[in-house]
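Subject: Structure handover

Hello,

Please find the structure below, with the sequence alongside. My notes on what was found follow it.

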Protein chains: 2
Amino acid sequence: MRIALLGGTGDIGEGLALRWAYHTDHEVVIGSRDPEKARTKAEEYETELDSRGVERKVTGFANEMAADRADVVVLAVPAYHAKDTVEAVADRLDAETTLVTPAVGMKRTDDGFRYNPPKAGSVSQLVARHVPDDTPVVGAFHNLAADRLANLDVELDLDTLVVGDDGDAKQNVADLASGIEGLRALDAGPLANAAEVESLTPLLVNLAVNNEGMHDVGVKFE
Amino acid sequence: MRIALLGGTGDIGEGLALRWAYHTDHEVVIGSRDPEKARTKAEEYETELDSRGVERKVTGFANEMAADRADVVVLAVPAYHAKDTVEAVADRLDAETTLVTPAVGMKRTDDGFRYNPPKAGSVSQLVARHVPDDTPVVGAFHNLAADRLANLDVELDLDTLVVGDDGDAKQNVADLASGIEGLRALDAGPLANAAEVESLTPLLVNLAVNNEGMHDVGVKFE
C-alpha cells in the first residue's frame, strides 16, 4: 500500500511515517507544501531508520504529488490547515483513495485546553465536506502523543479510535493502525461520532499538564 | 468520613456505595427521593456485603436527610435530575461539604451517542451554579460502567478523572476514589475542564456498541 502523509514533516506525521516504515512494508511518502522540506525530512527519516538497521526508501514531494496515486492519504496537518490542504489535493483523490484525518481543533485557555470543533461538528466531518463525493474519509490517530509516536525506542501499548461511514475504508485504516506494533484500533462508529473522539485530545493534554509523569500520556480502553 | 449518595439506589450510586462500603471504613448513606426505596436498597447492599463476609451498616433516607451532616455528597442522579436534586438539598450544604458530580448529559442518535452538555458548558458547571457559594464542587466518577462498578467480583483496574477549583476538596475526592481497590484518580484540572471529561462517557458507550467484548469498557491513561 502507498501511504501519503501530507504535513508529514512535523508532529504526528513524523511519528506515523517512522512507525509505518519501521514496522510494515507499506510505501511511505512524505508531503509538504514545500517539496524541498519534504525531501529533507524524508532523508532524515531514512537516516533514522538506517541507524536501526532498517533500510527503507522514504520519498518526499509537494502535497499534491505525494497524494497522487496514494492508496491512503493522511491529513497530518494542524486543524486550521485541514480544509486548505484537502482542497489542494482534492483532484488527486477518488473512490480508491482513503482520506485519513487525525487533526483536532483545540484552544488554550487559562484553565486548560478545550475542544474547539469547527461548525461542521468535528474536523473529521469538515474534511468530509471537502473531498470528492466518492472518497471515503476515516478519522483516526487523533489521540497519540507525537513525541512518543516518533520515538522508536518507546513501546506504544496504546489504543487509537477509528470513525468512518465506509466499512471497508475503516477496516483498511484499522489494519494500518494495527500494523504499528503496540497500537490497537477500536471502532468508535460512524463519522458523526468523531467529536467525542477528537475531544479526547485536549483531555490528554490537560492530564499531561496536571499529573506528574504523564507528559506523553495516551489512552487504553479496557 | 460520611458519604451521602443521592440517587444511591440505582446505576452508578449502587456501585459506589458497594465499593466504598467494601473497600473502606467510610460511613455510606443512601439517598433517594423515596426514603422507603432508599432503606430497601441500603438493606440490599448490606445483604450483598454480608454475603462476602463484610458486616457493614448502610443506611437509607430521603435525599435531604442523607445530605444532612455528610462530609461528601455525591449527586448520583441522571443529568436531567442534577439541578433539581442539588436544589432540594442546598440548605444542607456548606463550606465543609464537598459536592461530587458524576452525571453526564448524553443523547442517543441513529449513529451513536453524543455528548449533550447543558448551557453551563457541562453538568459539573451547571451543578456548581446551584450549590451555596462556599460549597466546593468536584466532578468525578463520570466514566465508570455501572454494572462493572457494582460487581464486587470484578477487579476494576481503571482510572477516574477529577476536576474542581478547590484543591483540598479535589484531593479529598481523589483520595476517596483511590480508596476503591483498582481505581486510580487523575487530575484533569479545574471545573472548567469538565466538558472534555464528561464527553468521554458517550465515547465509551460508542466503543461498547461497536466492539466485541467491550460491554463494560472503562479507560486507563498511560
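A residue is called buried here if 20 or more other C-beta atoms lie within 10 Å of its own, exposed if there are 12 or fewer, and partly exposed in between. Please keep in mind that this is a predicted model. Its scores are ipTM 0.95 and pTM 0.96. The average pLDDT of chain A is 97, and 100% of its residues score at least 70.

Helix α4 of chain A

With that definition, the buried residues of helix α4 (residues 79-89) of chain A are Ala79(A), Ala82(A), Thr85(A), Val86(A) and Val89(A). They lie on the same side of α4(A), because the arc they cover around the axis is only 95°. Exposed residues Tyr80(A), Asp84(A) and Glu87(A) sit on the face turned away from that buried side. The cover over the buried residues of α4(A) includes β1 (2-6), α3 (63-67), β4 (72-75), β5 (98-101) and α5 (123-128) of chain A.

How the two chains are arranged

Chain A is superposed on chain B by a rotation of 180° with 0.0 Å of shift along the axis, at an RMSD of 0.0 Å. This is the relation of a two-fold axis. Within chain A, Lys220(A) has the C-alpha nearest the axis, 2.6 Å from it.

The contact between the chains takes 29 residues from chain A and 29 residues from chain B. On the side of chain A that touches chain B, β10 (183-187), α8 (194-198), α9 (200-210) and β11 (219-221) each supply at least two residues. Of these elements, α9(A) gives the largest share of that side, 7 residues. By type, the residues on that side of chain A are 15 nonpolar, 8 polar and 6 charged. The copies meet through the same surface, because 100% of the interface residues of chain A are also interface residues in chain B.

Strand β11(A) is joined by 3 bridges to strand β11 (residues 219-221) of chain B, and the two run antiparallel. In this pairing Lys220(A) stands opposite Lys220(B).

Helix α9 of chain B

How many of the 11 residues of helix α9 (residues 200-210) of chain B are buried? The count is 8, so this helix is largely enclosed by the rest of the structure. The buried residues of α9(B) are Leu200(B), Thr201(B), Pro202(B), Leu203(B), Leu204(B), Val205(B), Asn206(B) and Leu207(B).

Single residues

Lys37(A) is in helix α2 (residues 35-50) of chain A. Lys37(A) has 16 other C-beta atoms within 10 Å and is therefore partly exposed. Apart from neighbours within four places in sequence, Lys37(A) is in contact with Thr9(A) and Ser32(A). Pro78(A) is 41 residues from Lys37(A) along the chain, and their C-alpha atoms are separated by 17 Å.

Two residues of chain B have a positive phi without being glycine. For Arg69(B), phi is near 65°. Arg69(B) lies in the loop between α3 (63-67) and β4 (72-75) of chain B, and is exposed, with 12 other C-beta atoms within 10 Å. For Phe141(B), phi is about 65°. Phe141(B) is in the loop between β8 (137-139) and α6 (146-150) of chain B. Is Phe141(B) buried or exposed? Phe141(B) has 26 other C-beta atoms within 10 Å, so it is buried.

Regards

Technical notes
Residues numbered from 1 in each chain as written. Chains lettered and ligands numbered in written order. Predicted model: local features only at pLDDT ≥ 70, side-chain atom pairs only at ≥ 80, totals over all residues. Least-squares fit on C-alpha atoms with pLDDT ≥ 70 in both. Contact = placed C-beta atoms within 7 Å. Helix = DSSP H or I, 4+ residues; strand = E, 2+ residues; numbered from the N terminus. pLDDT = per-residue confidence, 0-100. Nonpolar A, V, L, I, M, F, W, Y, C, P; charged D, E, K, R; others polar. Pairing = 2+ DSSP bridges. Arc of directions from axis to C-beta.
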